[in-house]
Amino acid sequence: MTSQFNEGLWKRRLHVLNKLKDMMLSNKDSIIHTRKISSFLTSLSEYDDYHSNEFFDQCWSLLENNVQNNESLWKEILFDFNRLFVGPDKLQAPPYESVYRDEGLIMGPSTLEVRNFYQSEGLKLENQGKEPDDHIGIELEFLSYITRLIIMSQEKQAEEEVNYYQELYEKFLNEHLLQWGLEFADLIIDKAETKFMKGVGLYLKGFLKEEELQVNS
Amino acid sequence: MTDKNSKGFSKAFSRRNFLKGAIGVGAVAGLSSLMPIDLGKKTVKAGTDYNLGYDVFRNACPRNCYDTCGILSYVKDGVLEKVDGDPKHGFTQGKLCVKGYTYAHRVYSPDRIKYPMIQEPRGSGNWRRISWDKAMDIIAKKVLEIKEEYGSTLPIAMDKYSGNFGILHYVVEGMMSSIGYTTRSLGTPCWPAGIDSQNFDMGAIYNSDPEDMANSDLIIIWGANPAWCSIHTMPFIQEAKENGAKVVVIDPIQTQTASKADTWLQIKTGTDGALALAMAKYILDNDYIDKKYIEENVVGFKEFADYLRKEVSISWAAEKTGLPEKVIIQLAKDYATTAKANIWAGYGLQRHINGGQTVRAIDALGAITGKIGKPGAGVQYAHLETWGFNYNAMVQSPPSGSVGVENPDGSMSNRTVNINNFGAEVLAADDPPIKMLWIACRNTIDQHPDVETSKRAFDAMDLVVTVDQFMNETVKHSDIVLPCTTLFEHPDVNASYWHYWVNINEQAIDPLYEAKSDLEIAMALSRKMNELEPGSCTFPTDISQEEWLAKEFNDGIYDMLGIKDYNELRKGPKKANLPTQSWSDGNFRTPSGKYELYSKTATKYGHPAIPSYKKEAKASVKYPVRLLTPHWKYGLHSQFQNLDWMMNMDSEPEIEIHPDLAQKKRIKEGDLIKLSNELGKIKAKAKLTGTVPKDAVVAYEAWYKDSNYSVNDIVKATPSDMGEHATGSPGLAFHDNFVKVEKV
Ligand code: SF4
């Protein structure tokens with residue numbers, strides 16, 4: 001995928017990445033959370049800007065009647081989000097890579113590999129040591145950051161950088177997000193109790209399937 | 001630069017520097033969780049120099065376990081990579097039990113409670129994150145509102161027990177005191193009867209150094225299962241065995257300890273007192289008593305001897321205990337004629353309606369044969385000799401003008417509810433009623449008997465706050481849950497109620513997520529209370545946890561440990577320089593200063609003055625089978641069992657049943673069976689085993705994740721005979737609980 005530069009594709013990718021990461025990182029505050037849910041819903045109609053596949057289609061058909069300004073629905077979604085990713089009960093879909101790859105625990109070897117990736121780009125997690133570095137939202141944020149650098153490098157016609165970051169994007173995707181993301185997305189689809197969160201799972205799955213195709217083409 | 005191999009960190013950094021000027025700033029602006037590393041500082045330590053050694057910390061296992069192990073924690077990149085036993089700990093000698101080895105799995109379980117959360121409504125499973133500030137705000141406002149409405153903080157009740165026995169964890173009590181007079185659960189569930197017995201007999205619980213068991217020639221393990229519950233005592237017993245000692249286990253269950261012993265005596269449950277008294281009678285009749293010792297050290301021998309002559313016979317005891325007369329005689333003779341004969345009176349032994357009397361009868365064997373205070377001998381139960389800390393975090397005074405329960409002298413104090421009848425007493429409290437619960441170091445709903453009543457008590461509250469690490473039934477019935485640190489995430493100091501070693505517990509890693517220690521929670525609450533109403537909470541707020549730790553030590557502890565500063569404990573645990581054998585100086589702490597076979601103190605609590613047989617509990621026609629609920633090897637109360645390793649080994653509860661009883665009920669291995677009584681029912685798979693008595697079933701007290709199984713659903717809050725004197729409330733007769741057994 002590094003062979004030629006498709007600016008439109010990278011911009012759409014950035015859009016999807018940002019939407020997903022905002023969704024997955026929105027757990028801190030319930031007010032922000034409900035806003036995120038609402039904006040995720042209203043912006044979903046742009047889904048086919050990216051690539052269309054069966055999962056995006058399913059996501060859309062599940063959610064198109066769900067797009068409404070509804071306080072009680074938002075709450076339901078929030079509780080579902082917490083059941084899946086936050087707690088306090090056993091997580092239905094743990095959002096951490098190492099749980100899928102290292103004995104079911106957080107802070108495993110793959111977490112530290114992810115940390116090294118961030119460090120190689122001069123970044124570190126604000127809460128390093130407290131929150132796992134390989135939370136889905138943070139991995140997505142990292143890819144979004146790399147994507148942004150790719151687009152900016154291209155604007156500056158810094159070709160070397162464009163190539164470097166495209167490769168890095170591919171490498172991180174292959175070595176990390178794709179190693180667990182699909183299993184994680186399936187768990188969301190399976191365990192979500194609301195259509196919305198099921199839709200988020202499908203959206204993530206749609207995105208990852210698309211990336212998998214691109215990377216391997 | 002597209003060559004992958006050329007991508008070292010330094011290059012990446014120089015690229016970032018280049019980009020920073022060119023385009024990087026815009027890219028960085030899109031970040032929320034990741035942030036640029038400050039290039040001014042050399043921060044590329046983590047992860048990169050992966051081969052550097054570990055940072056090693058000293059920790060102590062703070063669980064309610066005999067062993068209080070010394071732990072070494074190996075930390076790299078801020079991650080606890082493994083735990084091991086501390087070889088400098090002379091009792092636990094570099095080993096942990098299977099539970100201890102799972103600690104990294106506890107710290108890094110994805111299921112840990114991560115953030116303060118609020119449930120809307122209570123019991124719904126609908127949880128929402130709140131900030132610590134918001135959580136403290138809700139709690140502090142409720143406290144102030146209660147104080148306003150009722151004129152005191154007595155409607156606030158605390159239930160806290162043995163989830164973490166670290167000295168700084170007594171801060172929970174301190175926090176409560178600092179807001180005013182409150183209601184506290186008083187007592188302890190599992191060992192009070194024995195504590196009272198030894199207090200009546202000797203004036204304190206004070207066992208000899210358990211390492212001294214290695215010097216014994218006869219070890220009688222009476223109602224304890226160290227092979228599961230105190231594995232670090234086993235090497236000392238083994239050492240004695242290798243030197244020719246004989247080990248006798250007295251237990252209704254053929255425990256793993258029993259199967260390793262030379263002799264296992266399967267006694268009828270609850271009749272141990274009869275066995276001990278018959279042994280005493282034999283010793284008396286055959287003149288094996290130590291007259292000199294009795295003369296110098298014992299009061300009430302004559303009364304005890306009269307009782308034995310009048311009320312006790314070997315045949316009576318044989319009938320009671322189900323043990324043949326010749327077995328009783330042999331045991332009595334072996335015990336009396338072996339100078340270094342050591343008795344270990346376990347906690348299971350006294351979880352009966354006659355448990356206190358049983359332990360008094362067993363203590364008496366040591367007294368009349370002069371074995372108390374002698375090498376390799378004595379009667380061991382527990383001790384608190386090494387617990388003489390300042391309890392600085394615990395001892396806080398209520399704000400001036402606080403109203404509590406008025407004492408006859410006009411002073412005020414807290415109100416208490418019996419920890420062993422918690423739900424019922426919380427519900428019954430009026431004037432003022434209880435409106436708010438604070439739960440810490442405790443899984444109240446699962447670990448108290450009579451789960452249904454506890455749930456009703458929770459339902460009656462305005463606010464329930466639980467501090468915990470994992471979801472459990474108690475958290476499920478709470479409004480607010482606060483995440484707390486594991487032992488690796490805060491400093492503390494730990495003593496044992498069995499061995500003589502004291503351990504520092506160093507903070508090895510940062511607290512995960514937003515977890516706080518009980519100490520930090522107390523400080524946070526105090527800050528908020530004083531912000532809302534200055535002077536409403538006396539708890540100090542600006543002391544570091546390390547300083548709190550330092551404040552727990554005093555000269556007495558330093559002398560006992562032979563150190564000048566608590567920091568010396570960082571080099572290794574220290575053993576208290578106490579005499580090897582307790583009571584070797586003959587200075588008993590009873591009112592008479594002697595061993596009291598005749599105890600006036602006992603009579604004050606309605607007990608006979610001398611150790612006497614109290615009738616054992618018997619099954620009824622309706623509930624004909626005894627339910628024994630001993631400790632489980634892969635869990636400790638409701639801890640450990642929820643971890644992945646444990647769940648892999650043992651994912652669902654089982655009920656052990658003797659093949660003969662099973663046959664009568666047409667129950668086959670693996671059948672689902674139901675146990676029921678007045679309180680309710682539980683269901684689990686049957687496991688047929690000849691190791692359990694024919695008139696009982698065994699369901700371990702463990703708690704299982706993802707299931708609503710709790711053995712306490714059918715355990716009644718039946719009090720044991722003793723406990724009130726030393727612990728404030730009688731203990732629980734866990735093992736005098738009866739059920740009906742059916743195939744489902
Ligand atoms: S549970 Fe007991 S034996 Fe196991 S590590 Fe802790 S203190 Fe040691």
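Student: What share of the contacts in chain A with a separation of 6 or more is accounted for by residues 24 or more positions apart?

Tutor: In this predicted model, residues 24 or more positions apart account for 68% of those contacts in chain A.

Student: What makes up the secondary structure of chain A, and how do its elements run from the N terminus on?

Tutor: Chain A comes to 9 helices and 1 strand. From the N terminus on, the order is α-α-α-α-α-α-β-α-α-α.

Student: How many of the 217 residues of chain A, as a percentage, count as buried?

Tutor: The figure is 63% of the 217 residues. To be counted in it, a residue must have under 20% relative accessible area. Chain A exposes about 8000 Å², of which carbon and sulfur atoms supply 41%.

Student: How do you know that Asp102(A) has no salt bridge?

Tutor: The nearest side chain of opposite charge is that of Arg101(A), 5.7 Å away. A salt bridge requires a nitrogen within 4 Å of a carboxyl oxygen, so Asp102(A) has none.

Student: Why is Ile231(B) called partly exposed?

Tutor: The relative accessible area of Ile231(B) is 28%. Buried means under 20% and exposed means over 50%; the value for Ile231(B) lies in between, and therefore the residue is partly exposed. Ile231(B) belongs to the loop between helix H7 (226–229) and helix H8 (234–242) of chain B.

Student: Which residues is Ile231(B) in contact with, leaving aside its neighbours within four places in sequence?

Tutor: They are Asp67(B), Leu96(B), Cys97(B) and Pro226(B).

Student: What makes the nonpolar surface patch of about 330 Å²?

Tutor: The patch is made by Val98(B), Tyr101(B), Trp645(B) and Met649(B). Helix H2 (98–101) and helix H24 (644–649) of chain B are the elements that give two or more residues to this patch.

Student: Why is Val98(B) called partly exposed?

Tutor: Val98(B), which lies in helix H2 of chain B, has a relative accessible area of 33%. That value falls between the 20% and 50% limits, so Val98(B) is partly exposed. The value also meets the patch requirement of over 30% relative accessible area.

How values were computed
Residues numbered from 1 in each chain as written. Chains lettered and ligands numbered in written order. Predicted model: local features only at pLDDT ≥ 70, side-chain atom pairs only at ≥ 80, totals over all residues. Heavy atoms only, no water. Buried < 20%, exposed > 50% of the residue type's maximum accessible area, 1.4 Å probe, protein only. Lys, Arg positive; Asp, Glu negative; His and termini not counted. Helix = DSSP H or I, 4+ residues; strand = E, 2+ residues; numbered from the N terminus. Contact = heavy atoms within 4.5 Å. Areas by Shrake-Rupley, 256 points an atom, 1.4 Å probe, with all protein chains shown as cover. Patch = residues over 30% accessible without salt bridge, like charges linked within 9 Å, V, L, I, M, F, W, Y side chains within 5 Å.
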